[in-house]
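Q: I am new to this structure and would like to learn how to read it one feature at a time. Could you take me through it with care?

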Amino acid sequence: MFAAESHTGRHHIAIAAMACLCVLLGGPSCAAGAESLFIAGATYCEPGVSGPGWAWTDAGHLELDGYAGDATAADGDLVVTLAGQNSVTESNAPDADITQCGMEVWGSLTLRGTGSLAASGSQCAIHVSRALVVDGCAVDARADGADVTDEAVAGVIAGDMAVRGRGRVVAAGAGSGAGVRAYGVYLQDLGIGAGAAGCRLSVAASWLDAAGADGGVACTGGSLVSARFMAPAGGAFGAGGVVDATGAVAPHVVIEPDVATSPAGETDRGEVPGGGAEKSPADANPAAGEPTTGTTANPTLKPAAATTKTTTTVTKTTVSTPSKSKSATATTVVLPKTGNSNWIAASVALFLLGTALLGAARRC
C-alpha cells in the first residue's frame with residue numbers, strides 16, 4: 001500500500017514539475033509588446049517583417065534607420081531604436097487605424113538610440129496612452145492643428161513623460177480652430193479630462209523646448225535631475241503645468257542640463273548623443289537653432305513656436321484623442337521587457353528537476 005502511494009506521489013510531483021516547466025517555457029511569449037503594428041501604409045500582426053528604413057524585429061521592438069513615410073502606430077508597449085534621421089507624418093490613408101497623429105502607441109513607448117525622429121500631425125505629433133520615454137535621442141514633434149476644433153492640440157500627448165540620457169526634445173502645438181487648446185507637451189490620464197493619476201514630467205540631464213499658446217507643458221507635477229529651467233524665469237511645476245514667477249502658466253518652456261552637475265567629462269552642453277562633431281555655443285540650446293549635422297544628425301531643432309496658424313477649411317471628421325477605443329490602463333511607467341535570461345535559467349533548472357523526478361519514478 002505504502003509503495004503504491006509513494007509511486008503515485010512521485011508521479012504527481014513529476015507531473016507538477018513538468019507543468020511548471022511548460023508554463024515557464026511559455027512565459028517569454030507572453031512578454032509585453034505590441035500586438036500589431038501599422039507602418040508604411042500597412043498593418044502587420046506578427047513581428048519579423050521589415051521594409052525600407054524599418055524592421056519590426058520582435059513584438060516589443062521596432063528599428064528605424066532612415067525611415068521617412070506615413071504615420072506609425074502600435075497596439076501595445078514598444079521600444080523604438082533610432083539610427084540616422086527618421087520622420088513620420090500623419091497618414092491620409094482611408095483604412096489606416098490611426099487618426100491625426102504622426103506616431104500613436106496604445107501602451108508605453110521608449111524612443112532610444114543615436115538617431116533622430118521628426119514627427120508631425122494635425123492634432124498631435126506623438127500620442128502615447130501610457131508613458132513616453134526619450135532616452136538619448138533627438139525628437140522633434142509638431143502639431144499644426146489643421147482642421148481641428150474643440151480639442152487639445154499638442155506636439156506630444158502622453159500619460160507621463162521622461163527625457164533622460166542627454167536626450168533632446170522639441171514639442172510644439174498650434175491651431176486656429178474654434179475651441180482649440182494648444183500645448184507643447186500635454187500629459188493626461190488616458191483621455192483628455194479623464195483625471196490625473198500620473199501626468200508627470202521628468203527631465204534628467206537633458207533638453208526640452210516646448211511651446212503652445214495655452215501652455216508649454218501641461219501636467220500635474222514633475223521633477224528635474226541635473227537640469228534646470230532656462231525659461232520661464234523662475235519656472236516651477238504648478239498644478240496645471242510649468243508656471244512662471246508670477247504663477248501664470250508659461251506658454252514657452254525651455255529646460256537644459258545643469259552644467260554644475262553634468263556627468264564627468266562632459267563640458268559641452270551642446271553635445272548630441274551619438275554625434276562626434278563639435279558645436280559652437282549657439283548650438284548648445286535646442287532653442288538656439290539647428291545643431292551641427294553629422295552621420296547621425298538630429299532633426300532641425302528649431303525653437304518650438306506657439307504661433308497661430310490660419311488653415312483652409314475642408315470637410316473632415318474630427319476624432320477626439322484617444323482616436324480609438326481602448327480599455328483604461330494605469331499610467332505607471334511600464335517598459336517592455338528587454339531580455340528573457342531569467343526565464344531561460346528558471347526553465348533549464350525546472351527541466352532538469354522534472355527529468356530527475358521522472359527517472360526516479362521509473363525506478364520505482
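Q: Where is the place of alanine 205?
A: This is a predicted model, and in it alanine 205 sits in the loop between β20 (200-204) and β21. Its phi is near 45 degrees, a positive value in a residue other than glycine. With a relative accessible area of 13%, alanine 205 is buried, because buried means under 20%.

Q: Which secondary structure does the protein chain have?
A: The secondary structure of the protein chain comes to two helices and 27 strands. Of the 364 residues in the chain, 46% are buried. Among the contacts with a separation of 6 or more, 63% are made by residues 24 or more positions apart. The accessible surface of the chain comes to about 15800 Å², and carbon and sulfur atoms account for 57% of that surface.

Q: In what order do the strands of the open sheet of eight strands stand?
A: As a general idea, the strands of a sheet pair through backbone hydrogen bonds, in either the parallel or the antiparallel sense. Here the open sheet of eight strands has the order β2-β1-β7-β10-β13-β16-β19-β22, and its pairing is mixed. At the edges stand β2 (42-44) and β22 (217-218), each with a single partner strand, so one side of each has no neighbour in the sheet. Within the order, β16 (residues 152-158) and β19 (residues 181-187) pair in the parallel sense over six bridges, and alanine 158 stands opposite leucine 187 in β19.

Q: And which are the edge strands of the open sheet of nine strands?
A: That open sheet has the order β3-β4-β5-β8-β11-β14-β17-β20-β23, again with mixed pairing. Its edge strands are β3 (49-51) and β23 (221-225), each of which pairs on one side only. From one strand to the next, the twist averages 10 degrees. Strand β8 (residues 78-83) runs parallel to strand β11 (residues 109-113), and five bridges join them; the bridge partner of valine 79 in β11 is threonine 110.

Q: Why is strand β27 described as largely enclosed by the rest of the structure?
A: Strand β27 (residues 252-257) has six residues, and five of them are buried, so the strand is largely enclosed by the rest of the structure. Strand β21 (residues 207-212) runs antiparallel to β27 and is joined to it by four bridges, with valine 254 in β27 as the bridge partner of aspartate 209. Strand β24 (residues 227-231) is likewise antiparallel to β27, with four bridges between them, and here alanine 227 has proline 257 as its bridge partner.

Q: How is an aromatic pair read, and what form does the pair of tyrosine 183 and tyrosine 186 take?
A: In general, a pair of aromatic rings is described by the distance of the centres and the angle of the planes. The count in this model comes to three aromatic pairs. One of them joins tyrosine 183 and tyrosine 186, a tilted pair with 4.7 Å centre to centre and 55 degrees between the planes. Tyrosine 183 is buried, with a relative accessible area of 12%, and tyrosine 186 is buried as well, with a relative accessible area of 12%. Another ring, that of tryptophan 207, has arginine 168 over its face, at 4.1 Å from the ring centre.

Q: Is aspartate 150 buried or exposed?
A: Aspartate 150 is exposed, because its relative accessible area is 54% and exposed means over 50%. Aspartate 150 lies in the loop between β15 (138-143) and β16. Leaving aside neighbours within four places in sequence, aspartate 150 is in contact with Ala178, Gly179, Val180 and Arg181. Aspartate 150 and valine 180 are 30 residues apart in sequence, yet 5.1 Å apart in space from C-alpha to C-alpha. The loop between β15 and β16 also holds aspartate 147, whose phi is near 60 degrees, a positive value in a residue other than glycine. At 22% relative accessibility, aspartate 147 counts as partly exposed.

Q: Where is serine 108 found?
A: Serine 108 is in the loop between β10 (101-105) and β11, where it is buried, with a relative accessible area of 0%. Serine 108 and serine 129 are 21 residues apart along the chain, and their C-alpha atoms are separated by 6.9 Å.

Q: Which peptide bond joins alanine 231 and proline 232?
A: A cis peptide bond joins them, with omega at about 0 degrees. Proline 232 is found in the loop between β24 and β25 (236-237).

How values were computed:
Residues are numbered from 1 along each chain as its sequence is written. This is a predicted model: local features need pLDDT of at least 70, side-chain atom pairs count only at pLDDT 80 or more; totals for chains, interfaces and linings use all residues. Side-chain values use heavy atoms; hydrogens and water are left out. Rings of Phe, Tyr and Trp (its six-membered ring) pair if their centres lie within 6.5 Å; planes under 30 degrees apart count as stacked, over 60 as edge-to-face and the rest as tilted. Buried means under 20% relative accessible area, exposed over 50%, partly exposed in between (1.4 Å probe, protein chains only). A charge sits over a ring if NZ of Lys or CZ of Arg is within 6 Å of the ring centre and within 35 degrees of the ring normal. Two strands pair if DSSP finds at least two bridges between them. Contact means heavy atoms within 4.5 Å. Accessible areas come from the Shrake-Rupley method with a 1.4 Å probe; for residues, only the protein chains shown count as cover. Axes are lines fitted to C-alpha atoms, for helices over the stretch in contact, and angles run from 0 to 180 degrees between N-to-C directions.
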